[in-house]
2 protein chains.
Amino acid sequence: MNTHGSLLVISGPAGSGKGTIVKHLLQDPAYAVSISTTSRAPRGDDIPGVTYNFVTADEFKDMISRGELAEFAEYVGNFYGTPVKTVSEMLHSGKHVILEIETQGALQIKSKFPEALLIWLSPPDYDTLEARLRGRGTNTEEDIARRLSTAKRELQFLPYYDYIVVNEAGKAEECADKIRAIVAVDSMSTKHNPDFTSIFYKKK
Amino acid sequence: MNTHGSLLVISGPAGSGKGTIVKHLLQDPAYAVSISTTSRAPRGDDIPGVTYNFVTADEFKDMISRGELAEFAEYVGNFYGTPVKTVSEMLHSGKHVILEIETQGALQIKSKFPEALLIWLSPPDYDTLEARLRGRGTNTEEDIARRLSTAKRELQFLPYYDYIVVNEAGKAEECADKIRAIVAVDSMSTKHNPDFTSIFYKKK
């Protein structure tokens, strides 16, 4: 019924498995990620237009002042953001657009795209979260404590999210299915089908 | 995560296939229909407490004045309604409660139970709707015209419904699956999981 794609904002603490779930979703060509725009300099493995769209800091500031960004943030002196136009065009082409962003950006998206589906990806319990962080093997005890503390701080934004999707250990595909179900159900929502009553008048 | 059942209001025009879809849903013991209360006299095939709960007209009016009904209507001198208490108790027992009611009742339910999922069941197109009405074989041309006209009038309430679920010809089970998906997705909604953040603090 609805030819317009859904906008999915996926957030979650380190250890929630976001990256893996997004990869699972992208196996279906109906899903796509929006490419971020950044003012940081390209690095060795960057491919302009693929990893990021690169602009200067002044160009980025102009985009901000013209209200062209659906969300943006500054990290260690560089800007990162998502242009409204990119997202709108992808949605109108029928793609389900995934934004894997943190909580502050998610709230910015919701104000620009009220129909966005804010999904909070969560480990099933505290022990699994901690085990995932340790499992990476590259984190020091200090890193782990810091990430757990960040996760707890971000939880204050949970009430602004539409859905909590639990990513159980070893069940990534099942978790991706839950997100696909959210998208399928969203496409049946009355607000996406404003012209639906017309079928009762199309008499041959 | 959520042990409270979902409340489903299912409406749709004659010919939408409501009765069939509800039967499909009830094959899963997690679903149940709420038994209506009526002031009409029991008939031969009625079983009190199964087909209806029977009360006198005065008892029904007392229920109205005490605000005990989630919705009610009067047809040819008899009252029909759904007690709030019945619905609440079924939901708290974890059942997904189905109310197969018309549009006016649906809006009453939404005001008493804001978390209710209002589902509009629809034939895929006008021709299918008309074919279903004719297919019953028991309707006169006048009946069919009247039902089509009622369907069009009820469509004014469509914007108050949360979801439009299309019941394609010969695909009742698929249609029931769409409703099950709505319920599954509803159980992941943040509003049904207010205590979710606690998992980040339950350290052993």
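A:Val76 lies in the loop between β5 and β6 of chain A, where helices (H or I, at least four residues) and strands (E, at least two) are DSSP runs numbered from the N terminus. The model is predicted, so that local features need pLDDT of at least 70 and side-chain atom pairs count only at pLDDT 80 or more, while totals for chains, interfaces and linings use all residues. Residues are numbered from 1 along each chain as its sequence is written, chains are lettered from A and ligands numbered from 1 in the order in which they are written, and side-chain values use heavy atoms, with hydrogens and water left out.

Most residues other than glycine have a negative phi. A:Val76, although it is not a glycine, has a positive phi of about 35°. A:Val76 counts as exposed because its relative accessibility is 83%, given that exposed means over 50% relative accessible area, buried under 20%, and partly exposed in between (1.4 Å probe, protein chains only). In chain B, B:Val76 lies in the loop between β5 and β6, its phi is near 35°, a positive value in a residue other than glycine, and at 83% relative accessibility B:Val76 counts as exposed.

Turning to chain A as a whole, the reader will find seven helices and nine strands, and a C-alpha trace that spans about 70 × 45 × 30 Å along its principal axes. Of the 204 residues in chain A, buried residues make up 46%. Among the contacts in chain A with a separation of 6 or more, 66% are accounted for by residues 24 or more positions apart, a contact being heavy atoms within 4.5 Å.

Strands of a sheet pair through backbone hydrogen bonds, either parallel or antiparallel. Chain A has an open sheet of four strands in the order β4-β3-β6-β5, with mixed pairing, where two strands pair if DSSP finds at least two bridges between them. At the edges of this sheet stand β4 (53–54) and β5 of chain A, each with a single partner strand, so one side of each is left without a neighbour in the sheet. Strand β3 (residues 37–38) of chain A is joined to β4(A) by two bridges, and these strands run parallel, with A:Thr37 standing opposite A:Asn53 in β4(A). Helix α3 (residues 84–92) of chain A packs on the sheet, where it touches β5 and β6 of chain A, and its direction makes about 30° with that of β6(A); the axes behind such angles are lines fitted to C-alpha atoms, for helices over the stretch in contact, and the angles run from 0 to 180 degrees between N-to-C directions.

In chain B, an open sheet of four strands has the order β4-β3-β6-β5, with mixed pairing. Its edges are formed by β4 (53–54) and β5 (69–75) of chain B, each with a single partner strand, so one side of each is left without a neighbour in the sheet. Strand β6 (residues 78–83) of chain B is joined to β5(B) by six bridges, and the two run antiparallel, with B:Leu69 opposite B:Pro83 in β6(B). Helix α2 (residues 57–65) of chain B packs on the sheet, touching β3 (37–38), β5 and β6 of chain B, and its direction makes about 45° with that of β6(B).

The loop between β4 and α2 of chain B holds B:Val55. Although B:Val55 and B:Thr37 are 18 residues apart in sequence, they are 7.1 Å apart in space, C-alpha to C-alpha. Leaving aside its neighbours within four places in sequence, B:Val55 is in contact with B:Thr37, B:Thr38, B:Ser39 and B:Phe60.

The last topic is the pockets. The largest pocket is lined by 43 residues, of which B:Lys18, B:Tyr75, B:Glu100, B:Ile101 and B:Glu102 lie nearest its centre; on a 1 Å grid over the protein atoms alone, a pocket is an open set of points where a 1.4 Å probe fits, with protein on both sides within 12 Å along at least five of seven lines, and lining residues have an atom within 4 Å of a point. Elements of chain B that each supply at least two residues of this lining include β5, β6 and α6 (141–154). The second largest pocket is lined by 31 residues, and the closest to its centre are A:Ser36, A:Tyr52, A:Glu100, A:Ile101 and A:Glu102. Helix α6(A) gives the most to the lining of the second largest pocket, with five residues.
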